[in-house]
Amino acid sequence: MVIHVDKDRCVGAGMCALTAPGVFTQDDDGLSEVLPGRQDGGGDPLVREAVRACPVQAISVEEG
């Protein structure tokens, strides 16, 4: 799995960081980003819930 955050779509709601804090964080502008080294989700079972929780669908998961 590879996680992508579309910064153009992100509104900084922070739902992903609240749902899966071991995978997502927010940058200095409040936009979501994947923590370094966690682009594969790090085995966190809450990644897919974080994707669903995003109010603007800015997060995508590519299976691979």
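**Entry 1: charged pairs**

I began with Asp-27, which forms a salt bridge with Lys-7, the closest N and O atoms being 2.8 Å apart. I count a salt bridge when a side-chain nitrogen of Lys or Arg is within 4 Å of a carboxyl oxygen of Asp or Glu. Asp-27 sits in the loop between strand S2 (24-26) and strand S3 (32-34), and Lys-7 in the loop between S1 and H1, so the pair ties together parts 20 residues apart in sequence. Helices (H or I, at least four residues) and strands (E, at least two) are DSSP runs, numbered from the N terminus.

This is a predicted model: local features need pLDDT of at least 70, side-chain atom pairs count only at pLDDT 80 or more, and totals for chains, interfaces and linings use all residues. Residues are numbered from 1 along each chain as its sequence is written, and side-chain values use heavy atoms, with hydrogens and water left out.

I checked exposure next. Buried means under 20% relative accessible area, exposed over 50%, and partly exposed in between (1.4 Å probe, protein chains only). Lys-7 is partly exposed at 33%. Glu-33 is partly exposed at 30%.

Elsewhere, Glu-63 forms a salt bridge with Arg-48, the closest N and O atoms being 2.4 Å apart. Glu-63 lies in the segment after strand S4 (59-62) and Arg-48 in helix H2, so the pair ties together parts 15 residues apart in sequence. Glu-63 is exposed at 51%, whereas Arg-48 is partly exposed at 35%. The count by this rule comes to four salt bridges.

**Entry 2: the whole chain**

I read the order of elements as β-α-β-β-α-β. That makes two helices and four strands. The radius of gyration is 10 Å, close to the 11 Å that the globule rule gives for 64 residues, so the chain is as compact as a globular protein of that length. The radius is taken over C-alpha atoms, and the rule is 2.2 Å times the number of residues to the power 0.38. Along its principal axes the C-alpha trace spans about 25 × 20 × 15 Å. Buried residues make up 30% of the 64.

**Entry 3: the core**

Which residues touch the most other members of the largest nonpolar core? I found Ile-3, Val-23, Phe-24, Val-34 and Ile-59, out of 15 residues. Strand S1 (2-5), helix H1 (15-19) and helix H2 (47-53) each give two or more residues to this core. Such a core is a set of buried Ala, Val, Leu, Ile, Met, Phe, Trp, Tyr and Cys residues joined through side-chain atoms within 4.5 Å.

I looked up Val-34. Beyond four places in sequence, Val-34 is in contact (heavy atoms within 4.5 Å) with Ile-3, Val-5, Val-23, Phe-24 and Gln-39.

**Entry 4: between the helices**

Beyond four places in sequence, Ala-50 contacts Cys-16, Thr-19, Ala-20, Phe-24 and Ile-59.

Thr-19 is in helix H1 and counts as buried at 18%. I noted that Thr-19 touches Leu-46, Glu-49, Ala-50 and Ala-53, again leaving out residues up to four places away.
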